[in-house]
Amino acid sequence: MSQSRPSKASIPLARGLATMLALMALMASVTTYRTEAARDVGTPAATPAVQRNGDTNPDLYAALTPNSRDAIYAATAGTLSRYYVDVAVAPATADALTAFRGTIDLLFVNPTDRPLNAAVFRLYANDPRYGDGEIVMRDVEVGGVPATPVLSVADTVATVALGTALAPGETVTVTYSFDGTVANDPAGSYGMFTYSPSSGTLALAHWYPILAGIEPDQDWNVEPVSVNGDPIYSNTSLYDVTITMPAEWKIAASGVETDVSTGSTGRDETAHRFVTGPSRDFTFVADATLDRISRRVGETEVVSWYNPGDESGAGAVLAAGVATVDEYEPLLGDYPYAQLDLVEVSVGNGAAGIEFPQLVFIGGSYYAEAPVTPPDTSYLESLVVHEVLHQWFYGLVGNDQYAHGFQDEGLVNYLMTSFYRLHYGEDAFAVAYLSQNEIPYLRYLFGTGDVVTDYPTDDYGTASAYVVAAYYKGAVAFGAVREAIGDEAFFDGLHRYVAEFRFAVATPDDLRACFEAASGDDLDALWANWFDEENGTVDFTPADLDADQQRLDALLAS
Ligand SMILES: [Zn+2]
């Protein structure tokens with residue numbers, strides 16, 4: 001099936017809240033992809049051995065805090081797929097792009113409620129927006145039986161026949177090798193799979209053949225790499241990853257580093273081993289000149305990694321990360337990991353920050369921001385708060401970012417503004433909420449028209465329509481829910497949502513049900529109004545926009 005592709009010039013930039021202002025200027029039209037039809041899974045040579053359970057090695061849980069480890073181990077051991085990854089990275093030179101080569105031993109657990117005859121992997125970096133970047137999957141064996149992956153969706157999907165009908169909860173070992181190339185500053189990857197020669201930073205997310213997202217009652221997600229929003233959609237797994245690089249390179253990664261060894265390759269190289277506990281992905285950043293500062297909050301060490309010269313921005317980033325964990329753990333439930341990395345990265349084409357498990361990218365161009373005085377709000381701070389809140393919504397509780405982008409983005413963008421109420425008071429909240437949620441939505445509503453908040457990410461007609469719907473109207477909608485059920489029920493609902501769906505993927509109905517359980521209210525009509533319909537001109541008038549702007553101006557002049 002042929003795929004139509006957007007031109008590079010029309011790629012929207014919707015990641016992290018900072019993207020919005022740049023996006024409003026773009027107004028690019030987006031080509032909608034068609035969905036892949038039935039896939040050829042190939043023919044296996046023999047039937048592989050299957051096992052009843054996944055990996056129960058407690059060492060895989062070393063990244064969890066002492067307080068959370070036992071309960072999470074008890075709840076998940078043996079139920080999650082597990083990746084052992086060994087990768088060697090050859091940094092870019094004047095003549096060659098960054099290259100890597102590795103092997104994976106995957107213990108795949110069928111997470112669905114029905115037998116599966118194939119495992120489906122994503123090779124995101126084969127999408128043309130990653131420039132010269134690519135990932136190749138080789139030497140695949142299922143339970144020791146060779147298998148040939150079948151590529152589809154512009155080589156971003158690799159389907160591997162299992163040679164058996166793997167029952168729910170059963171496991172099979174899939175081993176494979178892979179290699180890849182990373183482009184220098186590819187125009188379309190937002191800095192997620194990039195080497196930046198100017199900063200000397202290698203940033204790698206979804207850099208290995210990763211299992212595609214799948215939910216208990218649905219098929220594998222094999223959508224073309226999303227045009228709007230975050231492309232990664234994956235299930236929570238366990239990772240044990242060893243990265244070998246020249247010794248001077250420093251590495252910030254998901255999880256905690258459990259082992260460092262030098263010299264085993266006979267060259268001046270260091271092997272860094274990380275384990276993550278339950279995690280949706282494994283992301284790392286490598287840079288020969290990266291520095292770090294850190295601070296403890298509860299049982300978690302928050303680390304701010306930065307390039308020399310950006311000490312003051314790194315301090316602001318660290319303070320914002322610590323404050324976010326400190327303010328929100330009592331409301332949302334603990335951040336259960338021992339480390340949280342906030343990493344300065346040259347994120348690209350308008351993206352300001354990007355969330356990954358236990359690690360976020362913060363755009364290097366924001367580190368030089370001048371200090372502000374409350375109630376004015378720091379953009380760099382709001383960016384960190386937004387990305388750290390994603391550790392709960394996207395990280396712990398997943399959502400299908402292809403189908404319901406607002407579910408994490410709108411919620412996180414609203415909670416980001418609520419941080420200002422918790423930390424600085426009502427005036428700072430008003431500045432953040434008006435400037436980053438309500439005014440941008442109302443400008444679009446009265447300038448262009450309304451949008452449906454809960455709508456497939458790539459089905460919006462324009463990039464800006466997606467951003468307005470997911471980030472601005474989505475945030476205003478969650479504000480309306482909070483107003484309707486009150487503070488206590490709102491946060492009680494979110495606490496239930498995290499507790500019930502941690503390490504799983506939740507639907508919008510699941511989220512609404514948590515608010516309903518916490519409040520005792522039937523929220524059907526309210527939910528439909530804000531998330532499924534286009535009633536903006538009933539809920540607001542142009543006079544509201546004028547009043548919002550006057551109030552914001554007065555607050556900033558005070
Ligand atoms: Zn976000």
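Ala 154 sits in the loop between β6 (150-152) and β7 (157-166), and in this predicted model its phi is near 55 degrees, a positive value in a residue other than glycine. Because Ala 154 has 18 C-beta neighbours inside 10 Å, it counts as partly exposed. A positive phi of about 50 degrees is also found at Asp 139, which is not a glycine either, and which belongs to strand β4 (residues 134-142). Asp 139 counts as exposed because it has 11 C-beta neighbours inside 10 Å. The table sets out these two residues.

| Residue | Phi | C-beta neighbours inside 10 Å |
|---|---|---|
| Asp 139 | about 50 degrees | 11, exposed |
| Ala 154 | near 55 degrees | 18, partly exposed |

Another backbone detail concerns two prolines: the peptide bond from Pro 374 to Pro 375 is cis, with omega near 10 degrees, and Pro 375 lies in the loop between β21 and α4. Helix α4 (residues 379-389) is itself mostly covered, with 10 of its 11 residues buried; among them are Leu 380, Glu 381, His 386 and Glu 387. The elements against which the buried residues of α4 pack are α3 (311-332), β19 (339-345), β20 (353-356), β21 (359-363), α5 (406-423) and α6.

Helix α6 (residues 426-447) in turn meets helix α11 (residues 542-557), their axes coming within 9 Å and crossing at roughly 150 degrees, and the crossing is left-handed. Residues making this contact include Leu 434, Ile 439 and Phe 446 of α6, together with Leu 545, Leu 552 and Leu 556 of α11. By class, the contact of α6 with α11 has 11 nonpolar, 2 polar and 6 charged residues.

How is the chain divided, and what lies in its nonpolar interior? The domain assignment gives domain 1 (17-282) and domain 2 (403-558), whose C-alpha centres lie 32 Å apart. The largest nonpolar core has 165 residues, of which Phe 121, Val 160, Val 343 and Ile 362 touch the most other members. Helix α7 (residues 463-501) gives the most to this core, with 19 residues, and the core draws at least three residues from each of domain 1 (17-282) and domain 2 (403-558). Leaving aside its neighbours within four places in sequence, Val 343 is in contact with Ala 252, Val 285, Trp 305, Leu 359, Val 360, Phe 361 and Ile 362.

Conventions. Residues are numbered from 1 along each chain as its sequence is written. This is a predicted model: local features need pLDDT of at least 70, side-chain atom pairs count only at pLDDT 80 or more; totals for chains, interfaces and linings use all residues. Axes are lines fitted to C-alpha atoms, for helices over the stretch in contact, and angles run from 0 to 180 degrees between N-to-C directions. Helices (H or I, at least four residues) and strands (E, at least two) are DSSP runs, numbered from the N terminus. A crossing is left-handed if the near helix is turned anticlockwise from the far one by less than a right angle, and right-handed if clockwise. Two residues are in contact if their C-beta atoms, placed from the backbone, lie within 7 Å. Ala, Val, Leu, Ile, Met, Phe, Trp, Tyr, Cys and Pro count as nonpolar, Asp, Glu, Lys and Arg as charged, and the others, Gly among them, as polar. Domain bounds come from an automatic or database domain assignment. A nonpolar core is a set of buried Ala, Val, Leu, Ile, Met, Phe, Trp, Tyr and Cys residues joined through C-beta atoms within 7 Å. A residue is buried if 20 or more other C-beta atoms lie within 10 Å of its own, exposed if 12 or fewer, and partly exposed in between; C-beta atoms are placed from the backbone.
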